[in-house]
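Visitor: I would like to learn how to read a structure like this one. Could you walk me through it?

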Amino acid sequence: MGYESSLLSCIFFLIFSSLLLLLNSHRVPLPVNLQSLTALSFEDAYTQLFGDSNLMLLRDGKTVHISLDERTGSGFASQDLYLHGFFSASIKLPSDYAAGVVVAFYMSNGDVFEKNHDELDFEFLGNIRGREWRVQTNVYGNGSTGFGREERYQFWFDPTEDFHNYSILWSKNRILFYIDNIPIREVVRTEAMAAHFPSKPMSLYATIWDGSNWATSGGRYKVNYKYAPYIAEFADLILHGCAVDPIDHLSTCRGHETKLYDSITATSDQLSAMKKLRRKHLTYSYCYDGDRYPTPPPECSVDPREAEQFEGAGSGRSGHRRRHGKRRHRAAAAVAAKDL
Ligand SMILES: *[C@@H]1O[C@H](CO)[C@@H](O)[C@H](O)[C@H]1NC(C)=O
Ligand SMILES: *[C@@H]1O[C@H](CO)[C@@H](O)[C@H](O)[C@H]1NC(C)=O
């Protein structure tokens with residue numbers, strides 16, 4: 001064989017094997033490195049929901065500012081619905097006096113399923129000067145709005161000074177809420193939880209609005225528009241999920257993608273970091289609210305150390321009135337936060 005022909009066969013071999021690799025990469029799920037996903041720009045994946053000029057795009061749509069002033073709040077949503085995936089944003093909250101201000105980063109399908117919607121929430125509740133913002137998470141499935149699964153946390157950093165990452169991993173059997181890549185909450189689907197585990201495609205939302213009548217000390221401290229506009233900054237918007245057509249709800253998602261998300265679990269290091277964090281910063285959990293749920297709901301895996309933390313705390317620590325307005329940006333409204 002001449003030099004040319006062996007070179008040719010070499011080239012053919014290379015082309016052939018890269019083709020094989022390409023084909024295979026569609027079938028063999030590669031483990032997703034959640035930290036290395038690419039952010040999408042606003043135009044590519046999102047759409048404004050409300051608040052006309054109170055939504056501003058910066059850095060070619062890689063950063064989004066939504067603001068609240070005396071006229072209106074503001075918000076945006078993903079263009080697609082997603083069945084499972086990883087959803088994340090870097091968020092910087094408004095500084096200074098922010099009582100009554102609510103910023104929400106959440107998934108919901110309240111527009112599609114009015115009576116039996118699913119929802120996964122991060123909600124940030126503003127505060128009076130000198131008191132910190134608080135963050136709460138919640139999970140609803142198939143319209144379980146009468147069955148709150150709230151948890152509330154203190155921040156271990158100033159969320160108004162810098163951007164921090166807030167992420168939700170949602171798979172068929174597990175939900176993880178992360179802050180700066182540390183899980184703060186894990187919900188593992190149990191048989192008993194049944195349809196209360198979110199199972200229908202959801203959109204991703206980001207909103208800022210006036211929660212004067214419930215958000216801070218149960219409505220005692222209202223939004224003061226002297227300090228407006230209140231601006232929440234969003235960057236590193238990541239959507240990595242099985243997109244579903246909003247019209248016919250057909251999924252482009254094949255079975256292996258669903259399996260892929262299901263295979264992502266918190267590492268043992270992450271779980272021990274989560275435990276530590278919760279011991280220090282968890283201030284309320286429905287799992288330890290004996291006044292509300294005399295026996296902890298079935299999915300609660302009661303941690304004795306956490307239980308000790310909340311012994312005798314009961315419902316007095318918080319109110320549970322859930323506002324559930326018709327307007328889409330109100331969909332994330334959650335419990336009244338009576339405790340500061
Ligand atoms: C937040 O996520 C972005 C994008 O994934 C990453 O570049 C950045 O380092 C993360 N920041 C923190 C504080 O974890
Ligand atoms: C979800 O809610 C709907 C409407 O309330 C009900 O008909 C359906 O049976 C529920 N689904 C499951 C799996 O429980």
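Guide: Gladly. Let us begin with a term: a residue is near a molecule if its C-beta atom, placed from the backbone, lies within 6 Å of it. Keep in mind that this is a predicted model.

Visitor: Which residues come nearest to ligand 1?

Guide: Of the 7 residues around ligand 1, the nearest are Ser90, Asn165, Asp180, Asn181 and Asp236. Sorted by class, that shell has 5 polar and 2 charged residues, and no nonpolar ones.

Visitor: And which residues surround ligand 2?

Guide: Around ligand 2 you find Lys115, Asn116, Asn142, Gly143, Ala194 and Ala195. Here the shell divides into 2 nonpolar, 3 polar and 1 charged. Gly counts as polar in this scheme.

Visitor: Now the strands. How do I read a sheet?

Guide: Two strands pair if DSSP finds at least two bridges between them, and following the pairs gives the strand order. In this model, an open sheet of 8 strands runs β1-β4-β13-β6-β7-β8-β9-β15, with antiparallel pairing. Its edge strands, β1 (46-50) and β15 (282-285), each pair on one side only. On average, neighbouring strands of this sheet are turned by 15 degrees against each other, direction ignored.

Visitor: Which strands does β13 pair with, and over how many bridges?

Guide: With β4 (residues 74-78), β13 pairs in the antiparallel sense over 4 bridges; there, Ser74 stands opposite Ile208 of β13. With β6 (residues 101-108), 8 bridges join the antiparallel pair, and Phe105 has Ala206 in β13 as its bridge partner.

Visitor: Is β13 mostly covered or mostly exposed?

Guide: For that we count neighbours: a residue is buried if 20 or more other C-beta atoms lie within 10 Å of its own. Strand β13 (residues 203-210) is mostly covered, with 7 of its 8 residues buried.

Visitor: Last topic, the core. Which residues of the largest nonpolar core touch the most other members?

Guide: Among its 63 residues, they are Val101, Val102, Val103, Phe105, Phe122, Phe124 and Ile208.

Visitor: What is Val101 in contact with, beyond its neighbours within four places in sequence?

Guide: Leaving those aside, Val101 is in contact with Leu68, Pro94, Gly126, Ile208, Val223 and Tyr230.

Conventions. Residues are numbered from 1 along each chain as its sequence is written. Chains are lettered from A and ligands numbered from 1 in the order in which they are written. This is a predicted model: local features need pLDDT of at least 70, side-chain atom pairs count only at pLDDT 80 or more; totals for chains, interfaces and linings use all residues. A residue is buried if 20 or more other C-beta atoms lie within 10 Å of its own, exposed if 12 or fewer, and partly exposed in between; C-beta atoms are placed from the backbone. Helices (H or I, at least four residues) and strands (E, at least two) are DSSP runs, numbered from the N terminus. Axes are lines fitted to C-alpha atoms, for helices over the stretch in contact, and angles run from 0 to 180 degrees between N-to-C directions. A nonpolar core is a set of buried Ala, Val, Leu, Ile, Met, Phe, Trp, Tyr and Cys residues joined through C-beta atoms within 7 Å. Two residues are in contact if their C-beta atoms, placed from the backbone, lie within 7 Å.
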